[in-house]
Amino acid sequence: MNLKLDLYYRNMKMTESVKLSKKDFVAPADVRWCPGCGDYSILNALQKTLPEIGIQRENIVVVSGIGCSSRFPYYMNTYGFHTIHGRAPTVATGVKVTNPDLSVWMITGDGDALSIGGNHFMHLMRRNVDINVLLFNNEIYGLTKGQYSPTSEQGTKTKTSPMGSIDHPINPISLALAAEATFVARTSDGNPKHMNQILKAAASHKGCSFVEILQNCVIFNDKTFEDFLGRSVRDDNTLVLEEGKPLIFGKDRDKGVKYSSKGMEMVNIGEDGITLDDIVVHDPRNAPPGLTYAISRLRHPEAPVPMGVFKSVENRSVFEDMLVAQIDEATKAKGEGDLQKLLTGNGSWDVYEGKKSDRSTVTRIHDFASSEEQTIMSELEKGENAIASDPLLGALNNTIETMLAETETFPIATVSSEESLDVAIKLLLEKKIGCLPVIEDGKVLGILSERDITLKVMMKNIDLEFTPVSAIMSKDPTVLNTQNTVSHAISAMSAGSFRHLPVTDEEGNLQIVSVKGLMRYMSQKAKS
Ligand SMILES: Cc1ncc(C[n+]2csc(CCOP(=O)(O)OP(=O)(O)O)c2C)c(N)n1
Ligand code: SF4
């Protein structure tokens with residue numbers, strides 16, 4: 001932050017007892033959006049609405065991700081955080097849970113919230129953290145110069161979809177409803193009065209408020225909403241949602257939405273016996289979820305596009321209240337926590353090092369474990385004991401080291417990659433072994449197996465004396481550690497379809513696990 005801005009923010013507190021106006025929320029920063037961008041009117045709307053809500057600037061934090069829209073915090077004379085792409089929900093959640101008294105506003109775009117941040121978006125909605133989420137939906141990636149986004153209509157031609165996007169678009173309202181957001185609304189950058197009403201409703205809602213703002217990107221997706229938001233068509237092509245009022249629309253207010261077993265129907269009032277009584281009355285607080293979802297699916301040109309509050313329910317606790325209650329309960333039971341003591345005390349988990357066979361239980365129970373945790377651990381321990389008492393399951397769970405110690409092993413022979421095939425084959429025959437690890441600088445470079453010789457040498461006109469082992473060996477073999485389990489060895493061998501598996505111990509000594517050896521070991525265990 002430059003010095004001018006820094007001083008400006010430090011002086012903010014001086015105004016706290018004064019009634020604020022829009023200009024108090026205007027930061028002394030150059031606004032860097034394209035002339036005519038819809039983001040300007042959203043900025044204006046929030047700067048006008050916040051003083052009406054009456055929250056002091058130092059109690060407001062604007063958190064954003066990445067995108068043109070996400071430059072928003074720079075332009076607001078409040079606290080702000082321009083974070084990383086798609087991760088504004090995590091920072092906004094952190095801000096709110098550590099300072100629940102703050103008014104937190106999260107600014108995001110359709111790319112930021114629904115591409116890279118799609119997963120975080122869903123969890124923010126379902127957790128019901130009491131923050132206000134404003135998603136500027138321009139159906140395009142603006143900042144990166146016009147690639148199609150998850151909300152772009154199918155067929156949208158951009159540099160990344162020159163023949164037209166083939167992705168089916170996400171409807172952000174339907175998504176927020178499906179994630180069980182408690183406040184869901186839609187407005188548009190071209191209607192400041194409506195934006196003002198919706199922003200106030202979002203701010204007064206206790207819980208996560210989600211507002212989709214249809215925003216025009218004049219450069220990369222100009223007039224994309226014009227077919228239904230355009231001045232001359234909007235009465236016929238939008239449906240203004242008002243609590244307690246019937247869903248009627250049209251210049252002459254003579255069309256309405258009927259909901260029946262057939263789904264949503266657009267009907268003409270006064271025709272075919274349709275009266276106002278047949279029309280759905282909007283109830284964002286009590287409507288069944290299926291009806292609210294059905295309203296969210298209305299789209300142009302088949303139906304008018306709904307604008308307003310779809311859902312507003314306060315029947316669920318907010319995340320930070322529950323979190324604070326849990327912390328209070330834990331503090332009451334165990335006293336104030338001491339992080340330093342926790343980190344340096346002996347009540348910590350061991351990261352296991354050393355031989356697995358030394359380990360008697362699934363994990364060690366330490367003195368800080370609660371009785372509930374101890375119960376879970378002893379259940380796990382019982383599970384491990386049950387495995388250990390089944391000879392075959394127990395054998396699979398043993399380390400390769402244990403298996404090798406309990407079975408007959410044979411000395412292994414190795415070759416270098418430059419050795420001739422002639423010498424290597426003689427070595428295999430002489431030692432009566434099935435494979436030769438190929439070693440260079442103490443590393444297993446490859447494996448020369450009977451199968452390599454059968455498949456790659458026999459019936460081919462290869463001069464054994466002048467062909468090096470490297471020409472036919474299987475390169476870069478899987479090498480396990482003797483502390484890995486027998487079941488790990490079996491799955492590695494079956495995944496790679498090989499009959500010999502090199503293993504090394506802690507000192508780097510090499511041994512070979514063979515299919516034959518494994519079978520012998522398992523049958524020995526089955527008999528025991
Ligand atoms: C990790 C990462 N991936 C990709 C990008 C590139 N990137 C920056 S903004 C953006 C999309 C912005 O689109 P949107 O959220 O719709 O915002 P707009 O610019 O339209 O307001 C992308 C893909 C990035 N900055 N960081
Ligand atoms: S590229 Fe589009 S969204 Fe970005 S500032 Fe320009 S007009 Fe606005």
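The entries below record what I looked up.

Conventions. I worked from a predicted model, in which local features need pLDDT of at least 70, side-chain atom pairs count only at pLDDT 80 or more, and totals for chains, interfaces and linings use all residues. Residues are numbered from 1 along each chain as its sequence is written, chains are lettered from A and ligands numbered from 1 in the order in which they are written, and side-chain values use heavy atoms, with hydrogens and water left out.

Overall. I counted 20 helices and 17 strands in the protein; these are DSSP runs numbered from the N terminus, helices being H or I with at least four residues and strands E with at least two. Of the 528 residues, 42% are buried (under 20% relative accessible area; exposed is over 50% and partly exposed in between, with a 1.4 Å probe and protein chains only). I then took contacts (heavy atoms within 4.5 Å) between residues at least 6 apart in sequence, and 62% of them join residues at least 24 apart.

Cores. I looked up nonpolar cores, meaning sets of buried Ala, Val, Leu, Ile, Met, Phe, Trp, Tyr and Cys residues joined through side-chain atoms within 4.5 Å. The largest has 40 residues, and Met 125, Ile 131 and Phe 210 have the most contacts inside it. Apart from it lies another core of 27 residues, with Leu 20, Ile 198, Ile 213 and Val 309 among them.

Ligand 2. I listed the residues with a heavy atom within 4 Å of the ligand; among them are Trp 33, Cys 34, Cys 37, Cys 68, Asn 138 and Cys 217. The shell divides into eight nonpolar, three polar and no charged residues (Ala, Val, Leu, Ile, Met, Phe, Trp, Tyr, Cys and Pro count as nonpolar, Asp, Glu, Lys and Arg as charged, the others, Gly among them, as polar). Cys 37 counts as buried because its relative accessibility is 11%. Cys 217 is buried too, at 8%. How many disulfides does a search of the whole structure find? I found zero, taking a pair of cysteine sulfur atoms within 2.5 Å as the criterion.

Glu 139. I placed Glu 139 in the loop between strand S4 (132-137) and helix H7 (172-178). Is Glu 139 buried or exposed? Glu 139 is buried, because its relative accessible area is 10%. Leaving out residues up to four places away in sequence, I noted that Glu 139 touches residues including Asp 110, Glu 153 and Asn 221. Its C-alpha atom is separated by 8.5 Å from that of Leu 214, 75 residues apart along the chain.
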